[in-house]
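Please look over the notes below with the model open beside you.

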Amino acid sequence: AIQTGSRLTLAYDVGGNNLLAVRNSGETALSITTQRPIFDANMASDGSVCYATSESGYKTVLYVYDANQNRIYRWLSASQYLPLCAVSPGAKLLAAVSPGQQDGIYVSNLHIFDTSSDEAGITAALSGDLIYDLTFVDADTICAVGESGAQWLSTSGSRLAGYTYDGAYLKDFDFGGDGFLSLIVNMYKAGNRCTVVTVGSDGKELGSLYFSEEILDTSSAGGYVAVLTANGMDLFDKSMERTASLDTTQGATAVLARPDGTVVLLSGGTGRVFTP
């Protein structure tokens with residue numbers, strides 16, 4: 001899994017033991033080999049890093065490194081699994097999700113830790129949804145994407161907004177947009193009848209567009225959303241209004257949108273920049 005930021009690129013083995021953060025100059029900023037597999041890792045916009053793993057005697061151990069890659073926090077959990085984590089810009093807060101059950105019903109809880117304190121922090125219910133991932137939208141807001149909807153919560157644990165898929169199946173999502181979440185939903189478990197939806201932090205839909213052809217990849221950055229299909233690549237604004245198109249992708253299998261509106265098309269180990 002790979003995450004990019006303004007200062008670092010973070011990569012880690014999914015289910016493996018290695019985590020690496022590299023500066024834009026190519027210099028290694030952080031290199032970690034864990035005793036047991038890494039559950040999850042996250043990087044904030046300023047280069048702060050967190051990751052979740054397990055160690056002998058503990059179900060989960062959470063680590064936080066500041067923007068200078070100094071370890072500033074560790075949380076040991078002997079009673080709960082915390083397989084998802086996210087760190088705030090400035091590494092002041094750490095968020096993690098624990099799956100569990102209550103009265104025979106599946107529940108997910110959000111835990112928010114102050115990295116300057118040894119206290120347990122805040123716990124907030126995330127309803128009965130299976131959570132896939134979470135991130136800090138800004139220093140005060142957390143977005144969690146789940147099986148049936150997305151939620152926005154304050155760092156005090158209160159629910160700010162929510163968006164449900166109205167019975168559709170989530171196929172993919174992207175946190176990269178500036179102030180919005182990109183979702184790919186399908187009304188059916190199989191098939192290629194997908195809709196790309198953009199949602200603001202207030203839980204309101206900004207735009208949506210139905211695609212009758214297979215979506216190979218999508219990427220959001222800044223105010224743009226790039227969608228790659230078998231028939232070409234289209235670039236949209238956050239309202240899903242088309243701003244540019246490319247008919248010939250030369251066999252591209254993935255795209256990477258950039259905040260300036262350019263798009264990198266990846267194919268066969270090479271990248272080609274599309275400038276509208």
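**Notes on the predicted model**

1. Strands β21 and β22 form a hairpin with 2 residues between them, and G222, which lies in that turn, has a positive phi of about 60°. Strands, like helices, are DSSP runs numbered from the N terminus, a strand being E over at least two residues and a helix H or I over at least four. The model is predicted, with local features needing pLDDT of at least 70 and side-chain atom pairs counting only at pLDDT 80 or more, whereas totals for chains, interfaces and linings use all residues. Residues are numbered from 1 along each chain as its sequence is written, and side-chain values use heavy atoms, with hydrogens and water left out.

2. The pairing of β21 with β22 (residues 224-229) is antiparallel and runs over 6 bridges; two strands are taken to pair if DSSP finds at least two bridges between them.

3. Strand β22 is mostly covered, since 5 of its 6 residues are buried, where buried means under 20% relative accessible area, exposed means over 50%, and partly exposed lies in between (1.4 Å probe, protein chains only).

4. These strands belong to an open sheet of 4 strands in the order β21-β22-β23-β24, with antiparallel pairing. Its edge strands are β21 (215-221) and β24 (242-246), each of which pairs on one side only. From one strand to the next the twist averages 15°, the axes being lines fitted to C-alpha atoms, for helices over the stretch in contact, with angles running from 0 to 180 degrees between N-to-C directions.

5. Residue T218 deserves a separate look, and its place is in strand β21. Is T218 buried or exposed? With a relative accessible area of 10%, T218 is buried. Its side chain reaches the backbone oxygen of A226 at 3.0 Å. Leaving aside neighbours within four places in sequence, T218 is in contact (heavy atoms within 4.5 Å) with D172, D174, I184, V225, A226, V227 and V255.

6. Elsewhere, the largest nonpolar core has 16 residues, and those with the most contacts inside it are L10, L19, L30, Y51 and Y65. Such a core is a set of buried Ala, Val, Leu, Ile, Met, Phe, Trp, Tyr and Cys residues joined through side-chain atoms within 4.5 Å. The elements giving two or more residues to this core are β2 (8-12), β3 (18-23), β4 (28-33), β5 (40-43), β6 (49-55) and β7 (58-65). Not counting residues up to four places away in sequence, L10 touches several others, including L19, A41, M43 and V49.

7. For the chain as a whole, there are 0 helices and 27 strands, and 48% of the 276 residues count as buried. The C-alpha atoms fill a box of roughly 55 × 50 × 30 Å along the principal axes. Among contacts with a separation of 6 or more, 32% are accounted for by residues 24 or more positions apart.

Conventions:
A polar contact is a pair of N or O atoms within 3.5 Å; within protein, one must be able to donate a hydrogen and the other to accept it, and residues adjacent in sequence count only if both atoms are side-chain atoms.
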